[in-house]
Amino acid sequence: MSMDRRSLLKGLAVAGAGAAVGGGTVQAAETEKRPAPPEDALGMLYDATRCIGCRACVTACKQANNLEYNLADPPPDLSADTKNIIKLYEDPETDERSFMKAQCMHCLDPACASACMIGALQKREHGIVTWDGDRCIGCRYCQVACPYTIPKFEWDTPTPKIVKCELCLHIIKRGGQPGCCQACPKQAVIFGTYADLLEDARTRIAERPERYWGPDGTPKIYGEHDGGGTQVLYLAGVDFAKLGLPDLGERPPALLGRTIQHSVYKGFVAPVALYALLGVAIWRGRRSGSGKEDE
Amino acid sequence: MEHATAQPVGGPILTRPYRLLLAFIGLWLLILLWRFAAGIGAVSGLTDGYPWGVWIAFDVVTGTALACGGYAIAILCYVLNRGAYHPLVRPALLTSALGYSMAALAIVIDVGRPWFIYRIPISVGKWNLNSALLEVALCVMAYVAVLWIELSPAFMEKWRDTSSSPGLQRLSEVGLRFFDKALVFIVALGVLLPTMHQSSLGTVMLMAGHKLHGLWYTGWIPLLFLLSCVGMGYGVVVWESAVSSRVFGREREDSMLTSLSGAIVVTLVLFLVLRLGDLLISGKIGLMFGSGLMSLLFWIEIALFVIPIVMLVGKGKQRFTTMFRAAFLIVLAGSLYRFDTYIVAYDPGQGWSYFPSLPELLITFGVIGFEIALYVFIVKRYPILAGVRPEAAE
């Protein structure tokens, strides 16, 4: 019996090691290539230094998406009926201030899509992350997973949906552009192909480097590499972290969990092997009778 | 798997406390009606910043770990082949089956679009294998079924012996024979599934990334969740043995339980080595002391794991009271670890905060109350508990 027990314990250890591999493969994941944008990727570029805070984009977004709005009572933040928002950041100590636009970033490797159980949220046409209600049970894991806390849930209805910016895909399909980009009088937010936007941002930095913030003084395009990259890019005159864009590093945030999940369950070998080992141990135990069944 | 000694506790069901419990369950059903009529926002403190609250952190994540008694005992009895623990198997399986069923119920209450839950198991082609939550969902669904199958002999024995319907008698006889043949496959599944989903419950929160505090965010989280659930499952079995002996006047399994404590000490020590070792190696010592409330909670967790270890290797380790207290601390330790990981150490920033509302808490208490009501009914009517003293029996 002791041999069996030992081999079984070894089996359990293998399973445990499977989970442990997660720790080890993190380094392997480190070298994984950054996700590439889809070839037809579309996106937006928001330049906070050009934004005057008129909120025309907020109203335009509501109209474009048939969301409730009241001009006299502008929404304070993103919610289930606000997919796009302009907020003001002000430092009371210094005179540092900046407007900030928030909506879905359309990540190159979206955490929400990695989390979603049967693919309600996915990168679909043009790399735009859209929601398919037929696949959503409302578990809200996407809200936990999104590093920018973008997806919103309809809390006040018995038949809720997940709501977030879908880059006005319905308008793009008709040849138009997203409501917010259409409405902006200062071209602070513009619509285009991912490649064009990236080039545009680089040109702006090259022309007026003093205008833009970056760590150690080098102007930075937020979203070029952050969290694996996003199809919505940002330029600003102040630290992005102060504007609500977290410092994520260059790896996609979903990578660690996904790597662990894949190492443990690769080809489903570990679970099947453990099942077989358990079966053998239980069967031998019963046959040897030392398990002392009552019958 | 027959337990000659397991027998119904007997006695009346509708005692005064039981009627009180049923009244509370009535209130609970009204609140549930409200939740399904008006939406989750109407009854809970949940927000877009804190989309998961006590329903997930307690009823599902902590509840299923507390329901790991069946898992912990199955490992010891069947896998490590310690037949001596058999009297513990059925009560442990019952609390597990009830605990997991209640977790499933809590999920139906918590998710916004429960009418599509059926699509999770059947949409094989659409499964997102990147999602740890998908694995948890599938495993929990399967495990609820496995647990009730594992427990089914308790019901079938009674029907075979006492049912007035010959059909049910025949069915039970066939069922029992089938169960005896298939036991190996069922029990092995009953160990495999919790190993998978209890670890994945940890992996789930890795997706929270920077929103989860550094003291809890680690690639070892699946193993930490797995180890702690084994300790918690054992702790609950000790409690159950003690409480059911007091309430139903049956003998306690003292010597069996104390002889398990060695294995539990090993499990807890492994947990601590992994938890502290990982933080030391990844250079997070600063976080251990410099994170205010988070540091405090972290050290409370660590203390709650260390104290029972000390108790279970110390002088009084053979005394049941020592073990009972240690079991209490282990359950507390694992529960706090889960609560912190899912709620307290989760910070979406941007000024979000969360505190459960009263109806939200009542829904959680109602789930527990419903579970207790079912437990009492089943042990009084079906052969679950062993060592019932004759005078207490029917």
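**Figure 1. The crossing of helices H9(B) and H10(B) is left-handed.** A crossing gets that name when the near helix is turned anticlockwise from the far one by less than a right angle, and is right-handed if clockwise. What you see here is a predicted model: local features need pLDDT of at least 70 and side-chain atom pairs count only at pLDDT 80 or more, while totals for chains, interfaces and linings use all residues. Residues are numbered from 1 along each chain as its sequence is written, and chains are lettered from A and ligands numbered from 1 in the order in which they are written. H9(B) covers residues 221-248 and H10(B) residues 254-281; their axes come within 9 Å and cross at roughly 155°. That angle makes H9(B) roughly antiparallel to H10(B). (Angles under 35 degrees count as roughly parallel, over 145 as roughly antiparallel, 65 to 115 as roughly perpendicular and the rest as oblique.) Axes are lines fitted to C-alpha atoms, for helices over the stretch in contact, and angles between N-to-C directions run from 0 to 180 degrees. Helices (H or I, at least four residues) and strands (E, at least two) are DSSP runs, numbered from the N terminus.

**Figure 2. Residues where H9(B) meets H10(B).** On the H9(B) side, look for residues including Leu223(B), Leu227(B), Tyr234(B) and Val238(B). Their counterparts in H10(B) include Leu257(B), Ile264(B), Phe271(B) and Arg275(B). Contact here is defined as C-beta atoms, placed from the backbone, lying within 7 Å. By class, the contact of H9(B) with H10(B) has 13 nonpolar, 4 polar and 1 charged residues. (Ala, Val, Leu, Ile, Met, Phe, Trp, Tyr, Cys and Pro count as nonpolar, Asp, Glu, Lys and Arg as charged, and the others, Gly among them, as polar.)

Figure 3. H7(B) passes H8(B) in a left-handed crossing. The contact of this pair has 24 nonpolar, 8 polar and 5 charged residues.

**Figure 4. Where chain A touches chain B.** This contact takes 62 residues from chain A and 61 from chain B. Elements that each supply at least two residues of the chain A side include helix H1 (2-30), strand S6 (152-153) and helix H8 (255-264). Which helix gives the most to the side of chain A that touches chain B? H9(A) does, with 10 residues. By class, the chain A side has 35 nonpolar, 16 polar and 11 charged residues.

**Figure 5. The open sheet of chain A, with strand order S8-S1-S9.** Its 3 strands show mixed pairing. S8 and S9 of chain A are the edge strands, each pairing on one side only, and the twist averages 20° from one strand to the next. Strands count as paired if DSSP finds at least two bridges between them. S1(A) runs antiparallel to S8(A) (residues 189-193), joined by 5 bridges, and pairs in the parallel sense with S9(A) (residues 232-235) over 4 bridges. Met44(A) stands opposite Phe191(A) in S8(A) and opposite Val232(A) in S9(A). The bridge partner of Tyr46(A) in S9(A) is Tyr234(A).

Figure 6. A residue is buried if 20 or more other C-beta atoms, placed from the backbone, lie within 10 Å of its own, exposed if 12 or fewer, and partly exposed in between. Leu42(A), Met44(A) and Tyr46(A) lie on one side, with Gly43(A), Leu45(A) and Asp47(A) on the other. Helix H7(A), residues 194-207, lies across S1, S8 and S9 of chain A, at about 20° to S1(A).

**Figure 7. Two loop residues of chain A, Cys51(A) and Asp77(A).** Cys51(A) is in the loop between S1 and H2 of chain A. With 22 other C-beta atoms within 10 Å, Cys51(A) is buried. Leaving aside residues up to four places away in sequence, Cys51(A) touches Phe99(A), Lys101(A), Lys186(A) and Ala188(A). Cys51(A) and Ala236(A) are 185 residues apart along the chain, yet their C-alpha atoms are separated by 9.7 Å. Asp77(A) sits in the loop between helix H2 (56-64) and strand S2 (85-90) of chain A. Asp77(A) counts as exposed, with 12 C-beta neighbours inside 10 Å. From Asp77(A) to Ala102(A), 25 residues apart in sequence, the C-alpha to C-alpha distance is 8.8 Å.

Definitions and conventions
Contact = placed C-beta atoms within 7 Å.
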